[in-house]
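Here are a few notes to read alongside the model, for anyone opening it for the first time. They go from the whole chain down to single residues.

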Amino acid sequence: DHIVMQMIKHRRQYAAMVSQYCLTILTLLIGTSCTRTPDEKTLEITGSSTVAPLVAEIAKEFETLNPSFRVNVQTGGSSRGISDTIKGTADIGMVSRRLHKNEQHLESYTLAHDGIGIITHSDVDLKNLSSDNIRKVFTGSYKSWNELSKNEKKITVVHKAQGRSTSELFIKYFDLKYSDVKAHIIIGDNEQGIKNVSNIPGAIGYVSIGAAESAIKSGVAIRLLKLDGAIPSSKTVAQGKYPILRPLNLVIKNNNNAAALKFIKFAQSKKAFDIVRKLDFVPNAI
């Protein structure tokens, strides 16, 4: 009996040791999977909804070539990109316009160029609008398309939210105030603008030409209208023949962030040019 009791005791001790060993290994495995390696770097990038799809695609390629990096991309508009960069909550800001005078202290790097195009639902039987026509449409002087064509559809104006760089450029180009625009729908990003215009017969709005061209290639029910006879396309943007042009920029607070500079250098390199062209933007010449 004594021998049996000793065997039982040893077995219990052995089982306890094995159990503790397994628990230790499991803890180590969970800890490894839930925490980053010491050499992993995370970049936070926020801002323009026009620039975001481009930066997200560039980030995928960058992470493939640099496995120790993780790049998080969030939208919210150019103003958010500027604000987050200044506050330090973002390493890099995305800005789809030139910097204002009070933002000149930031370091700015141009990735590509884009234009702002006027889009309508594809059922609007027009190919060109004059600047005066557009002012009258967006300020409510024209209520129906029959004032410009044979289409009897009511005009639905889709306008971008105040503070968005696209709306700033639009109202500046057409010499309007934001409050002058009689909008039926206020949207944030290009995707929302394209979705609303394509879903509402008779709707009109304005978005990134690159975003609109990509949507049209995918069969979305919108059309890009000529502006005073100027064709809205990545080709005319590249040639400088379209009137509403803008740079697509990345901004940083200073040159002390080596990780941010590494990403920007890659984003401006020829390796990223194919990604820029794929999204129907015009690469910035180096």
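1. Of the contacts in the chain with a separation of 6 or more, 74% are between residues 24 or more positions apart. Keep in mind that this is a predicted model. The chain has 10 helices and 11 strands, and 45% of its 286 residues are buried.

2. In soluble globular proteins, nonpolar side chains tend to be buried together. Here the largest nonpolar core has 30 residues, and Leu54, Val55, Ile58, Ile92, Leu250 and Phe263 have the most contacts inside it. At least two residues of this core come from each of strands S1 (41-47), S2 (69-75), S3 (92-95), S4 (107-121) and S10 (245-252), and from each of helices H2 (52-65), H9 (258-267) and H10 (273-278). Apart from this core lies another one, of 28 residues, with Ile134, Phe170, Tyr206 and Val282 among them.

3. Leaving aside neighbours within four places in sequence, Ile92 is in contact with Glu44, Ile45, Thr46 and Thr85, with Leu250, Val251 and Ile252, and with Ala260, Phe263 and Ile264.

4. S3 runs parallel to S1, joined by 3 bridges, and Gly93 is the bridge partner of Thr46. With S10 the pairing is antiparallel, again through 3 bridges, and there Val95 stands opposite Asn249.

5. Ile82 sits in helix H3 (residues 78-87). Its relative accessible area is 6%, so Ile82 counts as buried. Beyond residues up to four places away in sequence, Ile82 touches Val95, Arg97, Leu99, Glu103, Leu106 and Val251. Ile82 and Thr46 are 36 residues apart along the chain, yet 8.6 Å separates their C-alpha atoms.

6. Asn190, Gly193, Ile194, Val197 and Ser198 are buried. Down the axis of H6, these buried residues fall within an arc of 120°, so they line one face of the helix. Glu191, Lys195 and Asn199, on the other side of H6, are exposed.

7. What do the buried residues of H6 pack against? The list takes in strands S4 (107-121), S6 (156-160), S7 (185-187), S8 (203-208) and S9 (222-227), plus helix H7 (209-217).

8. Last, a loop residue. Lys153 lies between helix H4 (131-138) and S6. Is Lys153 buried, exposed or partly exposed? At 37% relative accessibility, Lys153 counts as partly exposed, because that class covers what lies between under 20% and over 50%. Not counting residues up to four places away in sequence, Lys153 touches Asp123, Ser144, Trp145, Pro201 and Gly202. Asp123 is 30 residues from Lys153 in sequence, and their C-alpha atoms are 9.1 Å apart in space.

Notes. Residues are numbered from 1 along each chain as its sequence is written. This is a predicted model: local features need pLDDT of at least 70, side-chain atom pairs count only at pLDDT 80 or more; totals for chains, interfaces and linings use all residues. Side-chain values use heavy atoms; hydrogens and water are left out. Buried means under 20% relative accessible area, exposed over 50%, partly exposed in between (1.4 Å probe, protein chains only). Helices (H or I, at least four residues) and strands (E, at least two) are DSSP runs, numbered from the N terminus. The arc is that of the directions from the helix axis to the C-beta atoms. Contact means heavy atoms within 4.5 Å. A nonpolar core is a set of buried Ala, Val, Leu, Ile, Met, Phe, Trp, Tyr and Cys residues joined through side-chain atoms within 4.5 Å. Two strands pair if DSSP finds at least two bridges between them.
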